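This briefing is intended for a reader who is meeting the structure for the first time. Please look over the sequence and the model before turning to the points below.

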Amino acid sequence: TLTPGTLTVDIVGEHLQVHWVDSTPGVDLKHATHAIAESFERHLREFIE
C-alpha cells in the first residue's frame, strides 16, 4: 500500500528487504499519500502504455 506506516518485506537471497513509508509528525497525511501515489502511478503508467 502507499499509506504511511505500512511495511513491505521481501526476501532477497539471505537478506530481508524492508520498505516503508514514513511521514514527519504534523504532516498532512492525505496530501503526503497523494504525493507519493502520484509519483508511483506515473511510473506504472509507463509500463501500461
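The model is predicted. Its chain has 49 residues, and its secondary structure consists of 1 helix and 2 strands. Read from the N terminus, the order of these elements is β-β-α.

**Confidence**

- The average pLDDT of the chain is 76, and 82% of the residues reach a score of at least 70.
- Among the elements of the chain, helix α1 has the highest confidence, with a mean of 80, whereas β1 has the lowest, with a mean of 76.

**Burial and exposed area**

- Of the 49 residues in the chain, 6% are buried.
- The chain exposes about 4500 Å², and 60% of this area is supplied by carbon and sulfur atoms.

**The two strands and the nonpolar patch**

- Strand β1 covers residues 7-12, and strand β2 covers residues 15-20.
- V9, I11, L16, V18 and W20 together make a nonpolar surface patch of about 560 Å².
- Both β1 and β2 contribute to the nonpolar patch, each with at least two residues.
- The largest contribution to the nonpolar patch comes from β2, which gives 3 residues.
- One of the patch residues, L16, is located in strand β2.
- L16 counts as exposed because its relative accessible area is 60%, and the cut-off for exposed is over 50%.

**The helix**

- Helix α1 is formed by residues 29-48.
- The N-terminal end of α1 is capped by D28, which has a side-chain oxygen 3.2 Å from the backbone nitrogen of K30.

- T33 belongs to helix α1.
- T33 is classed as partly exposed because its relative accessible area is 21%, and buried would require a value under 20%.
- T33 and S23 are 10 residues apart along the chain, and their C-alpha atoms are separated by 9.3 Å.

Conventions. Residues numbered from 1 in each chain as written. Heavy atoms only, no water. Patch = residues over 30% accessible without salt bridge, like charges linked within 9 Å, V, L, I, M, F, W, Y side chains within 5 Å. Areas by Shrake-Rupley, 256 points an atom, 1.4 Å probe, with all protein chains shown as cover. Salt bridge = Lys/Arg side-chain N within 4 Å of Asp/Glu carboxyl O. Helix = DSSP H or I, 4+ residues; strand = E, 2+ residues; numbered from the N terminus. Buried < 20%, exposed > 50% of the residue type's maximum accessible area, 1.4 Å probe, protein only. pLDDT = per-residue confidence, 0-100. Polar contact = N/O pair within 3.5 Å; in protein donor to acceptor, adjacent residues only side chain to side chain.
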